[in-house]
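Work through these exercises with the model open. Try each task before you read its solution.

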Amino acid sequence: MAEITLPGEIERQSMKIIAGELEDRGICLSEEYRPVVHRVIHATADFDFADSLTFTDHAVSLSVKALQEGTAIVTDTNMAKAGISSVALRRLHTEVHCLMADPLIAERAKQAGTTRAVAAMHASSERYPGAVYAIGNAPTALLCLAEKIENGLRPALVIGVPVGFVNVAESKERILDTCKTFGVPAIVAKGRKGGSTVAAAICNALLYLASDLTDPSSRGWN
């Protein structure tokens, strides 16, 4: 068999393999959620996300609509920000924001005796209250967002996928319950697994759907 080296064909073949393995495992995904789950598995090679990714009702369709209207994205790491498709962002005339490296955020966190993630969420919620919030690292950011939603914040979507062992699973359960209670769309990876790569992959899946860039050739790949 000829070696596949072009990036677009590698992605197409990878997605076929993912679909085939999910079918072999007896996992049937809804049409709405399938592109997100496939994109996360493509980024991680971890099929556990087919079970752990949890969606509130219409989370994908609602967030795609919001992105088509130019809604911004806020991340809790510059790593996630760097992994989000610039091609899709340009097509949708929107941007990604991450305040974690802002010296003012570090100073606010020090003064308040809290994490930079919490300070960044406080500032981001003031600047971008209706944004898509993609949290792949800091459970404290999710807990902060849950409190803000309880007090009136209404993000277009909360992506809750931090990775780790301390307060991670609990923060995900908290944000999922809060979003369900207040009608905020959410995509959450239950359990310990997640990370900035997963947050970026979910954002990209939604951005590609919103901008009609699901096929790699539409992104300039062969």
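**Exercise 1. Is Tyr 33 buried or exposed?**

Some ground rules come before the solution. This is a predicted model, in which local features need pLDDT of at least 70 and side-chain atom pairs count only at pLDDT 80 or more, while totals for chains, interfaces and linings use all residues. Residues are numbered from 1 along each chain as its sequence is written, and side-chain values use heavy atoms, with hydrogens and water left out.

Step 1. Find Tyr 33 in the loop between H1 and H2. Helices (H or I, at least four residues) and strands (E, at least two) are DSSP runs, numbered from the N terminus.

Step 2. Apply the cut-offs: buried is under 20% relative accessible area, exposed is over 50%, and partly exposed lies in between (1.4 Å probe, protein chains only). Tyr 33 has a relative accessible area of 19%, so Tyr 33 is buried.

Step 3. List its partners, leaving out residues up to four places away in sequence. Tyr 33 touches Phe 55, Thr 56, Asp 57, His 58 and Val 60. Contact means heavy atoms within 4.5 Å.

**Exercise 2. At what angle do H1 and H2 pack?**

Step 1. Locate helix H1 at residues 7-24 and helix H2 at residues 34-44.

Step 2. Read the geometry. The angle is about 110°, and the axes are 10 Å apart. Axes are lines fitted to C-alpha atoms, for helices over the stretch in contact; angles run from 0 to 180 degrees between N-to-C directions.

Step 3. Classify the angle. Under 35 degrees counts as roughly parallel, over 145 as roughly antiparallel, 65 to 115 as roughly perpendicular, and the rest as oblique. H1 and H2 are therefore roughly perpendicular.

Step 4. Pick out the residues. From H1 come Glu 11, Ser 14, Met 15, Ile 18, Ala 19 and Leu 22; they meet His 38, Arg 39, Ile 41 and His 42 of H2.

**Exercise 3. How do H2 and H11 pack?**

Step 1. Their angle is about 140°, with axes 8 Å apart. That makes H2 oblique to H11.

Step 2. Find the contact. On the H2 side, look for residues including Pro 35, Val 36 and Val 40; on the H11 side, Ala 201, Ile 202 and Leu 206 are among them.

Step 3. Sort by class. The contact has 11 nonpolar, two polar and one charged residues. Here Ala, Val, Leu, Ile, Met, Phe, Trp, Tyr, Cys and Pro count as nonpolar, Asp, Glu, Lys and Arg as charged, and the others, Gly among them, as polar.

**Exercise 4. Which residues have the most contacts inside the largest nonpolar core?**

Step 1. Define the core: a set of buried Ala, Val, Leu, Ile, Met, Phe, Trp, Tyr and Cys residues joined through side-chain atoms within 4.5 Å.

Step 2. The largest core has 46 residues, and Leu 53, Ile 73, Ile 159, Ile 202 and Leu 206 have the most contacts inside it. Helix H11 (residues 196-211) gives the largest share, 11 residues.

Step 3. Look for another core. A second, separate one has 30 residues, including Val 74, Cys 98, Ile 135 and Leu 145.

Step 4. Follow Leu 53. Beyond its neighbours within four places in sequence, Leu 53 contacts Val 37, Val 40, Ile 187, Val 188, Ala 189 and Ile 202.

**Exercise 5. Where is Val 188 found?**

Step 1. Val 188 is in strand S6 (residues 186-189).

Step 2. Its relative accessible area is 0%, so Val 188 is buried.

Step 3. Compare sequence and space. Val 188 and Thr 54 are 134 residues apart along the chain, yet their C-alpha atoms are separated by 5.1 Å.
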